Amino acid sequence: MSTEAADWWGSAVSRIEPGRIELRGRPVQELIGQVSFTQMIWLMLRGELPTARQAALLEAALVAGVDHGPHAPSIAVARMAITCGVGLNNAVATGVNLLGDVHGGAGEQCVRLLEEVVEEGDGAVARWRARDRYLPGFGHRFHSYDPRRDPLLNLVAEARADGLVSGHFLEAALRVERIIHPVPMNIDGATAVVYAELGFPAPLARGLFVLSRSVGILAHAWEESGQGRRNKGPLPPSIQPTYLG
């Protein structure tokens, strides 16, 4: 009997059969009530459960990136979307779809930068700056010093002291920060350090940020849904855009 149809969607992530649900080879009934959501994220992405310390460090990064208010386009557009008669799922999807290279992609880019600094040294920084004066993960348009930086880096430093992570990416990020002083690391840089130290590939740094920020997007869309506005635009009705004709 041909397995062509079954092989078409072959997956090691899940096994679903009548009466059976296995996630990464583990029966779901053995996971429910036994592992946290953060541990579940690790299991699904990596195929194994993290240690308690690994899960705690990942969770800290996820918590740190949850929200940045309506200043963030992904939050603002989700709030506008929910007033247009769409469901919460549509509003969340609208916000998530704005998490691109400029808004939401800096963590992934910063992991790539740090990988190059670890492998090649400080010359990698010069090459990146030659392409763009903005280095991903450093500087912030709103905060002169990002309050999320220190708690995350302190946790990474503790993990390095305990032998949980190598500390190579932490040192690389601090070297970049010294080179471009006085521009400090931001949330994207700090979470990039966490994800890189925990062994997540660069593309997953963006994926994990999407999971994190989805919580804030959902919360804002839900709040907006209860405020009674219809067809909310980016400006209050009393303010008219400047005509450039």
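Reader: What makes up the lining of the largest cavity, by nonpolar, polar and charged residues?

Author: Four nonpolar, three polar and one charged, where Ala, Val, Leu, Ile, Met, Phe, Trp, Tyr, Cys and Pro count as nonpolar, Asp, Glu, Lys and Arg as charged, and the others, Gly among them, as polar. Bear in mind that this is a predicted model, where local features need pLDDT of at least 70 and side-chain atom pairs 80 or more, while totals for chains, interfaces and linings use all residues. Residues are numbered from 1 along each chain, and side-chain values use heavy atoms, without hydrogens or water.

Reader: How many cavities of 30 Å³ or more does the rule give?

Author: One. On a 1 Å grid over the protein atoms alone, a cavity is a set of points where a 1.4 Å probe fits but cannot get out; a pocket is an open set with protein on both sides within 12 Å along at least five of seven lines; lining residues have an atom within 4 Å of a point. The largest cavity has a volume of about 40 Å³, and its lining includes Ala61, Asp188 and Tyr195. Helix 11 gives the most to that lining, with four residues.

Reader: And what is the volume of the largest pocket?

Author: About 950 Å³, as the space filled by probe spheres set on grid points joined across faces, edges and corners. Its lining has 30 residues, with Val102, Ala106, Gly139, Asn186 and Asp188 nearest the centre. By class, that lining has 13 nonpolar, eight polar and nine charged residues.

Reader: Why is helix 5 called largely enclosed?

Author: Helices are DSSP runs (H or I, at least four residues), numbered from the N terminus. Buried means under 20% relative accessible area with a 1.4 Å probe, protein chains only; over 50% is exposed, and in between is partly exposed. Seven of the 10 residues of helix 5 are buried, so the rest of the structure largely encloses helix 5. Ile75, Val77 and Ile82 are among those buried, and the buried residues pack against helix 6 and helix 12.

Reader: Which residues touch the most other members of the largest nonpolar core?

Author: Leu58, Leu114, Leu135, Phe138, Val193, Tyr195 and Leu198, out of 42 residues. The core is a set of buried Ala, Val, Leu, Ile, Met, Phe, Trp, Tyr and Cys residues joined through side-chain atoms within 4.5 Å. Helix 11 gives the most to this core, with seven residues.

Notes. Helix = DSSP H or I, 4+ residues; strand = E, 2+ residues; numbered from the N terminus. Contact = heavy atoms within 4.5 Å.
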